[in-house]
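Hi everyone, thanks for coming along.

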Amino acid sequence: MRQNKFSSLDTPSVIVDLDVAKANIERFQTYCDQHGMKLRPHIKTHKLPGLAHYQIEKGAIGITCQKVSEAEAMISDGGISDVLITYNILGEAKTKRLRALADRVMVRVVADNSDVVKGLSLAFADASRSLPILVECNTGANRCGVASPALARDLAIEIDDLPGLSFAGLMTYPPVGAAAHVHDWLRNAKALIEGSGLSVHIISSGGSPDMWKAHEMPLATEYRIGTYVYNDRSLVMRGTCGWEDCALTVLATVVSVPSANHAVIDAGSKVLTSDLLGLDGHGHVLGRDDLKIDQLSEEHGRIWCEGAINLAVGDRLRIVPNHACVVANMLDHVELVQGNTVLASTPVAARGQVW
């Protein structure tokens, strides 16, 4: 089985099919429009200003970023004027850069503790415009977030009392399949906060696994979603999308066939990522359901087959990774294609921006 598509590309390469990515953007934006939901896509998946502009052009209200440096990279060429940074921003170096960013565009941030909000207040105490902060809430995913609605109220009051800050609302990264619980948690927090005299203008929720059930949490005023632009093996396995909806693939070359049952490709953990996300194996080889990428080292990916592997040195394979967000951050450039036509190589503008 010799595959010669994209013969002009060296391997390993990360390929993005623009037709598929744009269709994914349009499909979910239509869903949001039909349900009266505001969409704020998370650009940590693609890290490309061009796709962010397309998301906004199709109806997104702004973008979500995870770090200050990521936001800086995304607004550097203009056209993006509304950013939510969904990460505790701690330390003078970061808050100074945040202040500079907020002087250029509308920026909102999240916080889940007093140390963070006090540091933000020091940076924004003399700002001409207060910094809007959403209280991050742990509604069951057990990552960041205040642990109870009462603590959400207490932090909201503290934010509103500090100079340079304003309380803007609530934010959560919800557990999968728990819309009713999340709704009750946030409803209780909203009631407590409003009972203290503050308004809850924004309730921000999100997550690609439950994207087609977003309307089941109507309390949310906006929905954050990232992986949907590319999709990946984890979402296919959840039934969220199909293989044909996966816009990002890794193009790899078979460099060795040591036995009748296994082969080695030139994409290892530095390209495919070692993330498993509860799955067995490290990606899906398109067109070969019988193959399993069962082992990665840094530069090698081992493929195993129960029967004859039917691969030869020089064969090229397209692989849907387990986790597209990490893979998009692995290489300096991605290769843009439409179907089988190579368009251009484009830099991943926000690659490595983790500060």
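How much space lies in the largest pocket? About 1,100 Å³. Before I go on, a word on what you are looking at: this is a predicted model, where local features need pLDDT of at least 70, side-chain atom pairs count only at pLDDT 80 or more, and totals for chains, interfaces and linings use all residues. Residues are numbered from 1 along each chain as its sequence is written, and side-chain values use heavy atoms, with hydrogens and water left out.

Now, the terms. Rolling a probe the size of a water molecule over the atoms shows where empty space is left. Here that is done on a 1 Å grid over the protein atoms alone: a pocket is an open set of points with protein on both sides within 12 Å along at least five of seven lines, while a cavity is a set where a 1.4 Å probe fits but cannot get out, and lining residues have an atom within 4 Å of a point. Points are joined across faces, edges and corners, and a volume is the space filled by probe spheres set on them.

Back to the largest pocket. It has 49 lining residues, and the closest to its centre are K44, R143, Y173, G207 and T227. Which elements give two or more residues to that lining? They are helix 7 (179–195), strand 8 (202–206), strand 9 (222–224), helix 8 (233–238) and helix 10 (324–328). Helices (H or I, at least four residues) and strands (E, at least two) are DSSP runs, numbered from the N terminus. Helix 8 gives the largest share, three residues. By class, the lining has 22 nonpolar, 15 polar and twelve charged residues; the nonpolar class is Ala, Val, Leu, Ile, Met, Phe, Trp, Tyr, Cys and Pro, the charged class is Asp, Glu, Lys and Arg, and the others, Gly among them, are polar.

The second largest pocket holds about 160 Å³ of space. Fifteen is the count of its lining, written 15 residues, with R233, G283, H284, D289 and L291 nearest its centre. Helix 8 turns up again here, with strand 12 (284–285) and strand 13 (291–296), as an element giving two or more residues. Strand 13 has the largest share, three residues, and the classes come out at five nonpolar, four polar and six charged.

Let's move to strand 15, residues 316–320. Is this strand buried or exposed? Five of its five residues are buried, so it is largely enclosed by the rest of the structure; buried means under 20% relative accessible area, exposed over 50%, partly exposed in between, with a 1.4 Å probe and protein chains only. On one side sit R316, R318 and V320, on the other L317 and I319. Strand 10 (residues 248–256) runs antiparallel to strand 15, joined by four bridges, and V250 has I319 as its bridge partner. Strand 12 is also antiparallel to strand 15, with two bridges, and there H284 partners V320.

Within strand 10 we find T253, which is buried at a relative accessible area of 13%. Its side chain makes a polar contact of 2.7 Å with that of T11. By polar contact I mean a pair of N or O atoms within 3.5 Å; within protein, one must be able to donate a hydrogen and the other to accept it, and residues adjacent in sequence count only if both atoms are side-chain atoms.

Conventions: Two strands pair if DSSP finds at least two bridges between them.
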